[in-house]
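Open the model in your viewer and keep the selection tool at hand. This tour goes stop by stop, with something to select at each.

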Amino acid sequence: MPHVPIRSAASHPRAQARAVSLDLAEHHGRTVSAAGLYISLVVIYGWFGGMKFTAYEAEGLISLVGNSPLLSWTYSLFSVRDFSSLLGFLELSIGALIAARLVNPVYSLVGGLLSAGLFATTLSFMVTTPGVTVPELGFPAISVAAGQFLLKDIGLLALSLWIAADSLAALRSTKA
């Protein structure tokens, strides 16, 4: 019986290129994904934090902050604009701490924890702000302006906790 060579998939140039691409994606995918997650939260904090210095944004916070048992007292200490500016400074600082992961993971660990605290606080507004739910439509209907705006904070809270955990893992791996 004559010998017939059997060509494996690895001997085909396309299959080899695909294998190399998958290896690269597997090898660099986590790094690229992690960088994307850090960058996305930094952009969000930069944008949201910068907006807090505008009258438009300050006025938009009144119903959220004014109805919150956790934060309503701040309006007795600060004007609406001053509180919004302080919040903007906090948000810009958190964004800077997260971006400082490039310098030292301890910064992004602190930033991730502060971010998680901020998003946990904003999620509490879902319970305290009138108009978040739309009772006439039944559960799970929520309003577009307040309800859907706040609901995204669940994902941002999870991302904040992931950043804190990733930063802690990086700190531990450098000490080992």
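Helices (H or I, at least four residues) and strands (E, at least two) are DSSP runs, numbered from the N terminus. This is a predicted model, in which local features need pLDDT of at least 70 and side-chain atom pairs count only at pLDDT 80 or more, while totals for chains, interfaces and linings use all residues. Residues are numbered from 1 along each chain as its sequence is written, and side-chain values use heavy atoms, with hydrogens and water left out.

**Stop 1: the annotated spans**

Keep residues 31-48 on screen. This span is 100% helix and 0% strand. Its end C-alpha atoms lie 26 Å apart. Now switch to residues 84-103. Here the figures are 80% helix and 0% strand, with 29 Å between the end C-alpha atoms.

**Stop 2: Ser167**

Select Ser167. You are in helix H7. Is Ser167 buried or exposed? Buried means under 20% relative accessible area, exposed over 50%, and partly exposed in between (1.4 Å probe, protein chains only). Ser167 has a relative accessible area of 0%, so it is buried.

Next, show what surrounds it. Contact means heavy atoms within 4.5 Å. Leaving aside neighbours within four places in sequence, Ser167 is in contact with Tyr38, Arg101, Pro105, Ser108 and Leu109. Pick out Ser108 from that group. Ser167 and Ser108 are 59 residues apart in sequence, yet their C-alpha atoms are 6.1 Å apart in space.

Now turn to Tyr38. Its side chain makes a polar contact with the side chain of Ser167, at 3.1 Å. A polar contact is a pair of N or O atoms within 3.5 Å; within protein, one must be able to donate a hydrogen and the other to accept it, and residues adjacent in sequence count only if both atoms are side-chain atoms.

**Stop 3: Asp166**

Step back to Asp166, also in helix H7. Its relative accessibility is 10%, so Asp166 counts as buried. Which side chain makes a polar contact with the side chain of Asp166? Select Arg30: the distance is 2.8 Å. Beyond four places in sequence, Asp166 is in contact with Arg30, Tyr38 and Arg101.

**Stop 4**

Move to Phe119 in helix H5. At 5% relative accessibility, Phe119 is buried. Not counting residues up to four places away in sequence, Phe119 touches Leu41, Tyr45, Asp153, Leu156, Leu157 and Ser160.

Asp153 is in helix H7. It is buried, with a relative accessible area of 2%. With residues up to four places away set aside, Asp153 touches Phe119, Thr122 and Leu123.

Leu156 is found in helix H7 too. At 10% relative accessibility, Leu156 counts as buried. Its contacts, outside four places in sequence, are Leu41, Ile44 and Phe119.

**Stop 4: helix H6**

Select residues 144-151, which form helix H6. Which residues of H6 are buried? They are Ala146, Gly147 and Leu150. Look down the axis of H6: these residues fall within an arc of 90°, so they line one face of the helix. The arc is that of the directions from the helix axis to the C-beta atoms. On the other side of H6, Val144 and Ala145 are exposed.

Show helix H2 (55-66), helix H5 (105-128) and helix H7 (153-175). The buried residues of H6 pack against these three helices.

Thr122, Leu123, Phe125 and Met126 in H5 meet Gly147, Leu150 and Leu151 in H6.

**Last stop: Pro140**

Go to Pro140, in the loop between H5 and H6. Most peptide bonds are trans. Phe139 and Pro140 are joined by a cis peptide bond, with omega about 10°.
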